[in-house]
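Please keep the sequence and the model at hand while reading.

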Amino acid sequence: MPDSRFKILTSASTSGPGDAGRTGSWRVERPIIDLSRCTPAKTGKSSCHLCWLYCPDNVVSKTIEPTIDLEYCKGCGICAEECPVKAIEMVSEEEFVKGTEDE
Ligand code: SF4
Ligand code: SF4
């Protein structure tokens, strides 16, 4: 007979945006989603969303066009690694700093 203490096989705890503070300030690379490659954005159907599933900080929306909350995205790159169609590119934050300096 199985030990009843071991019936719970999944954790009920989930992290949420901001649980570790303003983690967006840690970022050295920013994930950019190419919606022309993203499966739900292309098909208009709720599917895939592996970026949402794997993001450790729960900062990717589970919407037809997924969005990333850059206030809390720490730039770990897991979403880019897990995207099956390589729709997410990690771009150096320096590129964005340069972009604002040129304006
Ligand atoms: S994992 Fe890639 S294809 Fe899937 S929803 Fe995210 S960006 Fe789109
Ligand atoms: S890089 Fe991707 S997986 Fe990592 S925190 Fe940002 S959105 Fe989440």
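## Backbone, surface and ligand shells

Asn58 counts as partly exposed, because its relative accessibility is 33%, where buried means under 20% relative accessible area, exposed over 50%, and partly exposed in between (1.4 Å probe, protein chains only). The model is predicted, and local features need pLDDT of at least 70, side-chain atom pairs count only at pLDDT 80 or more, and totals for chains, interfaces and linings use all residues. Residues are numbered from 1 along each chain as its sequence is written, chains are lettered from A and ligands numbered from 1 in the order in which they are written, and side-chain values use heavy atoms, with hydrogens and water left out.

Asn58 lies in the loop between H2 and H3; helices (H or I, at least four residues) and strands (E, at least two) are DSSP runs, numbered from the N terminus. Its phi is positive, near 60°. Lys86, in the loop between H3 and strand S2 (88-92), also has a positive phi, near 55°. Most residues other than glycine have a negative phi.

Thr23 belongs to the segment before strand S1 (29-33). Thr23 is buried, because its relative accessibility is 3%. A polar atom of the Thr23 side chain lies 2.5 Å from the backbone oxygen of Tyr72.

Two ligands have their surroundings described here. A residue is near a ligand if one of its heavy atoms lies within 4 Å of it. Around ligand 1, the residues include Cys38, Cys48, His49, Cys51 and Cys83. Helix H1 (39-43) and helix H2 (50-54) each supply at least two residues of that shell. Ligand 2 has 13 residues around it, of which Cys55, Cys73, Cys76, Gly77 and Cys79 come nearest. The table divides both shells by class, where Ala, Val, Leu, Ile, Met, Phe, Trp, Tyr, Cys and Pro count as nonpolar, Asp, Glu, Lys and Arg as charged, and the others, Gly among them, as polar.

| Shell | Nonpolar | Polar | Charged |
|---|---|---|---|
| Ligand 1 | 10 residues | 2 residues | no residues |
| Ligand 2 | 10 residues | 2 residues | 1 residue |

Terms used:
A polar contact is a pair of N or O atoms within 3.5 Å; within protein, one must be able to donate a hydrogen and the other to accept it, and residues adjacent in sequence count only if both atoms are side-chain atoms.
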